[in-house]
Amino acid sequence: MGDELSSLNDIEQTDKRHVFGTWSFQSEVSPTQVVGGDGARFTTADGEEYIDFSGQLMCSNLGHSADGVADAIAEQAREGAYFAPGFTTEARARLGEKLADVTPGALTKTFFSTSGTEAVEAAIKIARFYTGKQKIISRYRSYHGATAGSISVTGDPRRLPAEPGVPGTIKAPDPYAYGSTLEPMESLEYIDEMLELEGDTVAAVLVEPIVGSNGILVPPEEYLPELKRIAHDHGALLICDEVMSGFGRTGEWFGSDVFDVTPDIMTMAKGLSGAYAPLGATIVTPEIADHFEDEMFCHGHTYAGHPVACAAGLAAVETYEERTSSSARARSATYSASDSRNSPRIIRASARRAASGFSAVSNSPGRPTNAFRSGSERTRSRRARRSWTKWQPAPAITASTSRT
Ligand SMILES: Cc1ncc(COP(=O)(O)O)c(C=O)c1O
């Protein structure tokens with residue numbers, strides 16, 4: 001630790017001594033002190049300025065100086081920073097209404113939490129309560145969160161130290177042409193067969209519409225609609241985890257929009273507040289919402305619907321709306337003169353092209369340093385295929401690979 005510490009300033013050393021680094025060998029943690037952010041840039045204590053290409057953990061979707069969001073947080077904190085979930089605030093009610101508006105289809109009623117992990121935990125419980133069934137099918141190349149339930153439905157290696165995990169969590173193959181024995185649409189047939197063979201015991205199929213931290217994997221256009229049909233044919237719900245793919249990161253509001261699919265349950269976090277406050281959300285269809293009119297909604301947190309977080313969320317979503325409509329206006333002005341195609345189609349097509357161009361693939365072995373390397377190494381050449389776990393030296397199986 002001595003050598004490691006000597007390159008760090010006082011704050012970084014104090015942090016390293018007293019704060020756990022996430023998903024890391026603690027001996028290798030080397031925190032960098034950040035002193036500020038402005039727009040797409042942030043500055044470290046040693047004066048270096050960085051361009052924040054990834055928006056931190058794919059969450060600072062509005063950049064680092066969205067004044068409207070900062071003001072909304074300050075105002076709510078002054079008016080009343082916290083009231084228990086049994087009360088409501090204007091920010092919470094309006095954000096619920098706004099999410100019903102911007103999410104696809106008739107999705108209507110939201111449970112608010114404080115992270116993507118919690119949003120997924122709520123989705124799992126809601127699916128189980130609603131269907132009365134226990135099993136959740138998710139996919140190998142996925143990340144859904146860090147707590148007991150959400151890590152059990154996670155497919156990537158971060159799940160392994162937490163196994164055996166919660167019962168009834170089953171993994172399916174991915175629609176990943178380059179790294180799987182199955183072609184993408186064959187992987188769907190496999191899920192169909194799994195649902196058949198599991199009998200009437202599966203509550204939901206849970207997927208990221210476009211896989212995020214396991215490699216930006218874009219399925220074929222017909223995959224998600226077909227998955228929903230197959231799930232429903234077997235009496236299972238479709239849960240779309242939009243924690244990373246939501247709020248403009250695919251060029252649409254949500255990844256589900258790219259495929260014109262309305263899931264039964266959708267999870268959100270990260271960009272929901274532009275990362276200005278910890279906020280997660282789980283939204284459901286009217287049928288599912290109605291179910292809990294006379295059945296107990298057996299779930300909650302002290303910070304469910306936290307006023308300051310909801311104020312941040314409302315301001316963030318309003319900012320997306322403003323920026324989207326002003327950029328759409330600019331685009332249609334540009335295109336109307338020279339091009340008869342309408343601008344939303346152009347945006348959608350370029351979202352698909354951009355997303356499919358970014359599949360991250362690496363075949364080099366070695367200790368994974370982040371989820372992109374760990375989650376995208378397989379190729380269609382059998383010789384080059386390596387299992388994720390074999391990559392890791394024995395102790396590494398108790399730690400994992402990314403810093404989500
Ligand atoms: C798709 C997806 N679901 C859930 C999570 C967990 O979210 P959080 O880290 O906010 O708990 C993440 C985090 O990266 C994610 O990418």
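The model is predicted, so to speak of local features a pLDDT of at least 70 is needed, side-chain atom pairs count only at pLDDT 80 or more, and totals for chains, interfaces and linings use all residues. Residues are numbered from 1 along each chain as its sequence is written.

**Overall fold**
- The protein chain has 15 helices and 10 strands; helices (H or I, at least four residues) and strands (E, at least two) are DSSP runs, numbered from the N terminus.
- Of its 404 residues, 41% count as buried, meaning that 20 or more other C-beta atoms, placed from the backbone, lie within 10 Å of a residue's own.

- Three strands form an open sheet in the order 1-2-3, with antiparallel pairing; two strands pair if DSSP finds at least two bridges between them.
- Strand 1 (34–38) and strand 3 (49–51) are the edge strands, each pairing on one side only.
- Strand 1 is joined by four bridges to strand 2 (residues 41–44), where threonine 43 is the bridge partner of glycine 36.

**Around the ligand**
- The ligand is surrounded by 15 residues, and the closest are Ser115, Gly116, Thr117, Val243 and Met244; a residue counts here if its C-beta atom, placed from the backbone, lies within 6 Å of the molecule.
- Helix 6 (residues 116–131) gives the most to this shell, with three residues.
- By type, the shell holds five nonpolar, eight polar and two charged residues, where Ala, Val, Leu, Ile, Met, Phe, Trp, Tyr, Cys and Pro are nonpolar, Asp, Glu, Lys and Arg are charged, and the others, Gly among them, are polar.

Notes. Buried ≥ 20, exposed ≤ 12 C-beta atoms within 10 Å, placed from the backbone.
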